[in-house]
Amino acid sequence: MIFMDASRPQLKQNVSHHIALQDFQSQASVTNSTQWDVTLLSDTKDMTDASSVALSIPSNGTCRPHVNVAFMKVHKCGSSLIFHMLLRFGYEHNLTVALPRQVGLEFIGSLGTIKDDDYLHPPGGKRWNIFGHHAFYNRTRFRQLMAPNTRYVAILREPLQRVQSAFNYFRIEKGFPGLAKQTPKGIAPVTTYLDRPKYWDPLFKVELVSPNKPLALMREHVCVRNCMARDLGLAERDYDNHTAVEEFVRGIENDFKTMLILEYLPESLILLKRRMCWTLRDIIYTTGRHSRNVKYTFKASITDKMKSTFYEHNYADVLLYTRFNESFHRQISQESADFQEEVNHFRRVISDVSKYCLSSKTRKGNFVVEKSRWNDAFSVGSLLCVQLREHRTYWDKFLRLRYRQTGYKDVGKVVVHSKKSRRKPKKSRKRRTRRKRG
């Protein structure tokens, strides 16, 4: 195993919400054999039968792996990496993964409402083990759809960093009439917005951001104010009601015992691994394709006054992030003494697996992650490298096939392409001849 420099700053125990933390550098893992705990409660139809879930995990006798997880995919917080990790986890361990009825959709339901015809109903009256698509959190509805002992997980990001990422990704400035014209050449449009967010917000029209895309889709994804709180279920009418916001945050604290923090992604995933009693392989990922270490094209000179104004205008997101960031560091401080050592080991594994998977032309044989205090040895081959870099649409087709195999017929069009079928079709001789004549 190649050991690379994993030096990074130690965790700060007290992080003010007025400090704009740096963007993260992404990185990802899976296999041996034992039975996983599905913890059947009163109704055995509520989830996958434990006897059918033969999962790969070393048995240390200290805990039983947990497989019922609802992940709230908060926009522009690195949530896609976690989502794809959970899709692989669900597929490899033969779990019931929530899927939208319509093939290709990124979300299940719309703006906090999940209707019965929005999703594929699991065969046999089971409930979902894994949820990870975009959806606004609705406590009542999710408890109807998920297995009874489901653990709720989400990921948050420093609010100012999140809005910069959203502007960069969605080109949100298009939704503010006149904003682009008021932005000097070479300056990031988000700077103009941050100078007067209370002025610009009432002018925002989401349909202007991408006029060629369905309005319902844009309303689901594009957001500028209190967007993390919105995704977790806070109604827009309560944004300026501090009492309602504080009650909302207390409710989220009660429901989400594990909250990941993007600025501390490796630490977050190791904490998740320990909380869920998963393997190191279950949480590996590769750097590169999923990375959010983006270099912005234009300069964003954000002043202290802009920060203060933005934080005040986004009270819900700031309170949510601050409360969970403090809780996250408190949980880390209560972990065993070897926690930081495991995090450093995890970073090395991610670096080595990423180098191996990116060296497709030179790699020979499989890469073996050696046994350590925190993991059994496991092998990484070409198939796993492919799976680690693939996105939602890759897993969607295989998970739909799984539904079909278990008796569910209405799964939409399921197409699994071979390498051969991915090639562009050859033009017919007749067509080529016409071109020559033309």
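Predicted model: local features only at pLDDT ≥ 70, side-chain atom pairs only at ≥ 80, totals over all residues.
Let's start in strand β5, residues 151-156, where five of the six residues are buried; buried means under 20% relative accessible area, exposed means over 50%, and partly exposed is in between, with a 1.4 Å probe and protein chains only. Residues are numbered from 1 along each chain as its sequence is written, and side-chain values use heavy atoms, with hydrogens and water left out.

Now zoom out for a moment. The chain has 16 helices and eight strands; these are DSSP runs numbered from the N terminus, with helices (H or I) of at least four residues and strands (E) of at least two. Of its 438 residues, 53% count as buried.

Strands pair if DSSP finds at least two bridges between them. Strand β3 (residues 69-72) runs parallel to β5, joined to it by four bridges, and here F71 stands opposite V153. Strand β6 (residues 258-261) is also parallel to β5, with four bridges; look for L156, whose bridge partner in β6 is I261.

C77 is buried, at 0% relative accessible area. What does C77 touch, leaving out residues up to four places away in sequence? The list is I155, L156, R157, R162, M228 and L262, where contact means heavy atoms within 4.5 Å. M228 is 151 residues from C77 along the chain, yet their C-alpha atoms are separated by 8.6 Å.

Next, the rings. Rings of Phe, Tyr and Trp (its six-membered ring) pair if their centres lie within 6.5 Å; planes under 30 degrees apart count as stacked, over 60 as edge-to-face, and the rest as tilted. That rule gives 23 aromatic pairs. Take W128 and F131: their ring centres are 5.6 Å apart and their planes meet at 40°, so this pair is tilted. Both are buried, W128 with a relative accessible area of 1% and F131 with 0%. Y169 and F170 make an edge-to-face pair instead, at 4.9 Å centre to centre and 90° between the planes. Here Y169 is exposed, at 57% relative accessibility, whereas F170 is buried, at 17%. Ring pairs also link W128 and F131 into a cluster with Y119, Y137, F142, Y152 and F256.

Some rings have a charge over them, which takes NZ of Lys or CZ of Arg within 6 Å of the ring centre and within 35 degrees of the ring normal. K76 lies over the face of Y169, 3.7 Å from the ring centre. Over the ring of Y91 sits the charged end of R402, 4.4 Å from the centre.

Finally, the cores. A nonpolar core is a set of buried Ala, Val, Leu, Ile, Met, Phe, Trp, Tyr and Cys residues joined through side-chain atoms within 4.5 Å. The largest has 89 residues, and F131, L232 and V380 touch the most other members. Apart from that core lies another, of 24 residues, including Y193, F204, M218 and V222.
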